[in-house]
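Subject: Handing over the structure

Hi,

Here is the structure I promised to pass on. Please have it open beside this email while you read.

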Amino acid sequence: MPSQIIEWVQTHFGSLVYWFLIVLAISAAVTVITNFKKIFDYVTKKLINRSEIDSLMISIEHESNPRFGFSFLYPARWDRFDPANGDGNTFVHPEDEKTKILAWGSNSFEASLNDELDRVIEHASKNKEYNLIKKTESGRYIRGEKTRSQIDGMRIEYSYKDEDNVYLFVMQSITYYEDRTFSVMCQTRLKYKGQFSEDFLNITGSLVVNEEMLIE
């Protein structure tokens with residue numbers, strides 16, 4: 001009897017393995033189908049919460065604003081949006097809408113750089129869970145036709161929670177010249193702060209007022 005069982009198994013072994021694999025495949029398919037939403041949510045969460053993204057800062061170009069007479073550097077591979085009024089520019093990371101760079105000029109009603117800085121900080125402090133990380137002097141340059149001299153500038157860094165409950169990190173340079181304010185602001189998710197800080201320093205530090213471009 002045992003020999004007959006052994007002979008039967010040897011004869012039908014291939015078929016047994018085949019049907020066993022079929023059962024495993026069906027079982028796996030049923031598991032995937034029944035847990036598709038959980039798997040999809042898990043993968044999506046991992047992608048959203050990844051610790052780094054490609055900064056796409058390899059190609060940096062120079063931009064000038066003719067209306068307010070200033071220039072700065074920006075990442076050429078980011079998506080660009082320019083307002084019709086010519087006040088400034090916005091550049092958004094193509095993989096993350098929370099990561100962006102804004103540069104603008106405006107006529108100022110403040111009496112000095114410090115007054116303008118206080119206004120900016122007061123406005124930022126109205127955000128949820130606002131936290132001022134750093135406030136430091138950061139001289140800017142004003143460039144004439146044949147000259148280049150330094151004017152006062154400030155750089156601030158802060159974090160807050162936006163309307164989507166996402167924690168953001170902001171680095172902003174501000175300078176003031178002849179009743180006009182010039183600013184470059186870089187923003188990303190707080191968890192990307194370490195990755196983008198050096199690039200943001202280069203971008204905010206590139207702000208230059210061009211005296212010959214200033215329109216009276």
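Below is what turned up in it, going from the whole chain to single residues.

First, the ground rules. This is a predicted model, so local features need pLDDT of at least 70 and side-chain atom pairs count only at pLDDT 80 or more, while totals for chains, interfaces and linings use all residues. Residues are numbered from 1 along each chain as its sequence is written, and side-chain values use heavy atoms, with hydrogens and water left out.

**The chain as a whole**

The protein chain has four helices and twelve strands; these are DSSP runs numbered from the N terminus, with helices being H or I of at least four residues and strands E of at least two. Of its 216 residues, 38% count as buried (buried is under 20% relative accessible area, exposed is over 50%, and partly exposed is in between, with a 1.4 Å probe and protein chains only). If you take the contacts (heavy atoms within 4.5 Å) between residues at least 6 apart in sequence, 53% join residues at least 24 apart.

**Threonine 99**

Threonine 99 sits in strand S5, residues 96–107, and is buried, at 0% relative accessible area. Which side chains make polar contacts with the side chain of threonine 99? One is aspartate 96, at 2.8 Å, and another is threonine 188, also at 2.8 Å. (A polar contact is a pair of N or O atoms within 3.5 Å; within protein, one must be able to donate a hydrogen and the other to accept it, and residues adjacent in sequence count only if both atoms are side-chain atoms.) Beyond its neighbours within four places in sequence, threonine 99 touches residues including Ile53, Trp78, Phe91, His93, Tyr192 and Phe196.

**Salt bridges**

There are nine salt bridges in the structure, each being a side-chain nitrogen of Lys or Arg within 4 Å of a carboxyl oxygen of Asp or Glu. One of them pairs glutamate 63 with arginine 80, with the closest N and O atoms 2.8 Å apart. This pair links distant parts of the chain: glutamate 63 is in strand S1 (residues 60–65) and arginine 80 is in strand S3 (residues 79–81), 17 residues apart. Glutamate 63 is buried at 13%, whereas arginine 80 is partly exposed at 33%.

Arginine 80 also meets aspartate 82 in a salt bridge of 2.9 Å, N to O, and aspartate 82 is partly exposed at 45% relative accessibility. The side chains of lysine 161 and glutamate 129 form a further salt bridge, 3.1 Å from N to O. Lysine 161 lies in strand S9 (residues 153–161) and glutamate 129 in strand S6 (residues 128–137), so this pair ties together parts that are 32 residues apart in sequence. Buried or exposed, where does lysine 161 fall? Lysine 161 counts as buried, at 17%, while glutamate 129 is partly exposed, at 46%. Through shared partners, salt bridges join Glu63, Arg80 and Asp82 into one network.

**The largest pocket**

The largest pocket has a volume of about 250 Å³, and its lining consists of 17 residues, with Val120, His123, Tyr158, Gln172 and Met185 nearest its centre. Helix H3 (113–124) is one of the elements that supply at least two lining residues each, along with S5, S9, strand S10 (167–177) and strand S11 (180–189). H3 gives the largest share, five residues.

For the grid details: on a 1 Å grid over the protein atoms alone, a pocket is an open set of points where a 1.4 Å probe fits, with protein on both sides within 12 Å along at least five of seven lines, and lining residues have an atom within 4 Å of a point. The volume is the space filled by probe spheres set on the points.

**Two backbone angles**

Most residues other than glycine have a negative phi. Leucine 56, in the loop between helix H2 (36–48) and S1, has a positive phi near 55° and is buried at 12% relative accessibility. Asparagine 165, in the loop between S9 and S10, has a positive phi of about 60°.

Best wishes
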